[in-house]
Amino acid sequence: MDIDFYQYKLRCELPGHEDDVRGICVCTDEHIATSSRDRTIRVWSLDSDNKRKYSTSKILLGHTSFVGPLAWISPNEEFTEGRLVSGSMDTNVFVWNLSNGEIVQALKGHKMQVTGVTLDNEDIVSSSVDQTLKRWRNGQLVESWEAHQSPIQAVLRLPSGELVSGSSDTTLKLWKGTTSLRTFQGHADTVRGLAVMPDLGFLSASHDGSIRLWALSGEVLLEMVGHTSIVYSVDAHASGLIVSGSEDRHAKIWKDGVCVQSLEHPGCVWDVKFLDNGDIVTACSDGVARVWTVRDGMIADQLEIDAFDSQLSQYKLSRKKVGGMKLDELPGLDALTLPGTSDGQTKVVREGDNGVAYAWNMKDQRWDKIGEVVDGPDGVADRPLLDGVQYDFVFDVDIGDGEPIRKLPYNRSDNPYDAADKWLVKENLPLAYRQQIVEFILQNSGQKDFNFNPSFRDPFTGANAYVPGQSSHTAATTSKPLYKHIPKRGVLVFDVAQYDGILKKMTEFNNTLRSDPVHTDKSLTEVEVSRVGAMVKILKDASHYHVTNFADMDIALLLKVLQAWPPAMMFPATDLVRMLVLHPHGASLLIKHVENNNDLLLDLIKKVTEDSALPANLLTTVRVLVNLFKNPSFHYWLQRHHSQILNAFSNCYSSPNKNLQLAYSTLLLNYAVLLIEKKDQEGQAQVLSAALQIAEEEAADVDSKFRSLVAIGSLMLEGLVKKIAIDFEVESIAKSAKASKEAKIVEVGADIDLVIRQP
């Protein structure tokens with residue numbers, strides 16, 4: 001069908017989600033599904049009373065983190081309304097029955113966020129940040145293969161039967177089964193979105209800001225450049241039109257490689273899809289999905305269009321800055337009714353959508369208009385002015401000693417020593433301040449490394465710049481930016497115990513077992529009970545850990561309790577093991593029981609995380625694992641089994657038990673420290689994903705959130721996963737942290753923000 005492409009206008013809005021709308025699935029022209037950061041999926045059906053609009057017909061609840069990719073399975077005799085496939089940050093793929101909104105299959109196997117789902121005949125294929133593609137058939141995993149060496153961001157089945165995957169490694173791969181037929185290279189950054197281009201090939205959207213049309217041969221048929229930021233999604237219509245969605249807040253419509261229309265939104269456009277009839281659905285970070293149309297009879301009425309325009313205007317107004325201030329925070333014209341206090345005093349006020357500067361005329365006692373003041377479009381500030389000249393930075397420098405604040409201008413292209421010397425001469429300040437000023441410039445301009453140009457000559461002495469402790473011709477490098485809380489050094493432990501309570505509880509449980517004919521054989525003898533008391537006495541005397549020892553039978557005794565006692569009675573013994581691993585000799589004895597084919601710690605983890613998992617068992621076991629990091633003898637075991645351990649306790653982040661939340665976040669922080677040291681990228685990525693879940697959890701305890709943020713920042717700063725974190729939209733997490741009421745959350749949020757901005 002032909003579409004009059006230049007006339008797309010708003011058809012209707014689909015409000016209801018409480019957070020970003022992340023994904024769209026067009027089931028039919030009458031039924032649309034949307035996924036959201038609010039952890040829900042909404043199914044929208046054409047309104048029976050108004051065929052222009054859609055209303056929510058179902059809300060699907062089940063995912064425990066934000067939901068992303070969606071796919072629709074058409075109806076059959078068993079599922080008369082079809083099924084929906086969803087992937088989530090919680091690592092799960094769910095299949096939903098759209099008749100009743102229930103989960104009919106939970107496909108568990110990915111270790112990290114699920115980024116894509118596609119249908120391959122009767123199979124489901126999913127992609128993940130864990131670098132794998134997985135094939136599911138009748139609810140069972142039938143194939144899994146590592147498809148890229150970096151996170152996979154999208155997967156698509158082509159009409160010809162092959163699969164295409166797009167990755168953070170900037171490439172796309174064509175697959176026949178698990179065999180890679182071809183690698184497509186050309187994008188300069190992460191490949192984020194994929195779509196079929198009927199009769200031609202397929203489309204890719206990238207963080208490099210471009211969209212490419214590829215033939216299956218690997219040839220680039222078209223490259224579309226026009227977005228000013230990350231392109232998250234792309235789709236095509238049988239008419240030949242293409243639509244793309246971007247961080248730059250626009251959905252762009254393309255014809256023959258040329259952008260023919262831009263649809264502006266009040267936020268990031270995460271996803272875009274065509275309906276069969278040519279209408280376009282967009283998913284926006286303001287929590288609203290919107291439908292756009294070219295059909296005259298379906299265009300929104302004027303009141304709705306005006307309301308959207310007003311919303312757009314308010315959003316732009318809230319982001320627009322003048323003189324470093326948000327426009328909507330500027331005073332109105334009534335501020336000019338107050339007289340100035342000195343001749344030439346300036347005041348910036350809001351006039352409509354502009355900031356206007358006025359100067360006080362003392363002689364005539366009036367405010368004279370100077371002109372408009374803007375920092376640039378869409379809140380992207382122009383370079384600051386000083387004495388009528390633009391610079392990359394204009395710093396306020398406090399010399400101290402009662403001296404006034406001085407303005408120091410600087411451009412990134414300047415030599416900082418040259419800039420410092422010129423400024424010191426201009427301000428009539430001692431050249432002895434040079435090194436302090438240079439370090440100030442480099443730290444506050446975010447320049448991580450500065451290589452001194454040996455050809456530089458001091459403009460006042462003719463010599464090379466002097467760097468204390470170095471010869472004048474040596475490259476001068478700055479220290480790293482100053483962070484408040486990252487990187488984390490060393491590990492944390494839980495080293496306080498209520499020994500009397502532990503002993504009392506174990507004795508109580510043992511008496512219960514002894515009086516029960518069914519379990520009496522599992523109880524401890526009097527000698528064994530006294531031995532537990534002796535262990536407690538040794539552990540209490542922490543100042544003599546270097547000279548005290550345990551018998552091997554002590555460890556065997558505790559392990560006997562953990563293996564034989566009912567789950568509800570295990571936790572005091574587990575708590576005793578927690579303290580035992582902090583004792584050097586106790587740890588050395590315990591490790592003998594994990595470095596063999598009968599790994600009793602893994603058995604313990606399995607036992608306490610079964611379906612009837614008890615919070616007390618989870619808490620004490622996670623604390624045992626946390627304390628293992630204190631002893632280097634366990635580091636290999638912890639690294640080797642990191643995936644099993646993190647998967648086993650992955651649901652702890654959302655526990656209502658704040659102590660369990662804290663223990664789990666501490667486990668992640670210790671893993672971050674260890675895996676950074678071991679340079680284990682795969683492990684770092686899994687820890688990052690888990691820590692991000694806590695950071696996004698609104699109900700998370702403050703200390704738990706803080707430790708997860710420190711883990712994230714440390715992994716980004718010294719680990720191997722900074723790019724992955726940025727792909728995870730860590731910037732929004734940092735922004736949210738900086739808006740917290742808790743000082744330490746704000747500080748670590750600022751640390752992460754600074755890492756993001758480092759080159």
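In this predicted model, Phe649, Leu667, Tyr671 and Ile712 touch the most other members of the largest nonpolar core, which has 103 residues. Such a core is a set of buried Ala, Val, Leu, Ile, Met, Phe, Trp, Tyr and Cys residues joined through side-chain atoms within 4.5 Å, where buried means under 20% relative accessible area with a 1.4 Å probe, protein chains only. Helix H13 (residues 658-677) supplies the largest share of this core, eleven residues; helices here are DSSP runs of H or I with at least four residues, and strands are E runs of at least two. Leu667 has contacts (heavy atoms within 4.5 Å) with Val622, Leu625, Val626, Phe629, Ile645 and Leu646, leaving aside residues up to four places away in sequence. A second, separate core holds 18 residues, including Leu10, Val269, Trp292 and Leu312.

An open sheet of four strands runs in the order S1-S28-S27-S26 with antiparallel pairing; two strands pair if DSSP finds at least two bridges between them. Strand S1 (9-15) and strand S26 (269-274) each have a single partner strand, so one side of each lacks a neighbour in the sheet. S26 pairs with strand S27 (residues 280-284) over five bridges, and Phe274 has Ile280 of S27 as its bridge partner.

Residues 145-176 are 0% helix and 56% strand, with end C-alpha atoms 12 Å apart. For residues 184-214 the figures are 0% helix, 61% strand and 9 Å.

Local features need pLDDT of at least 70, and side-chain atom pairs count only at pLDDT 80 or more, while totals for chains, interfaces and linings use all residues. Residues are numbered from 1 along each chain as its sequence is written, and side-chain values use heavy atoms, without hydrogens and water.

Key:
Buried means under 20% relative accessible area, exposed over 50%, partly exposed in between (1.4 Å probe, protein chains only).
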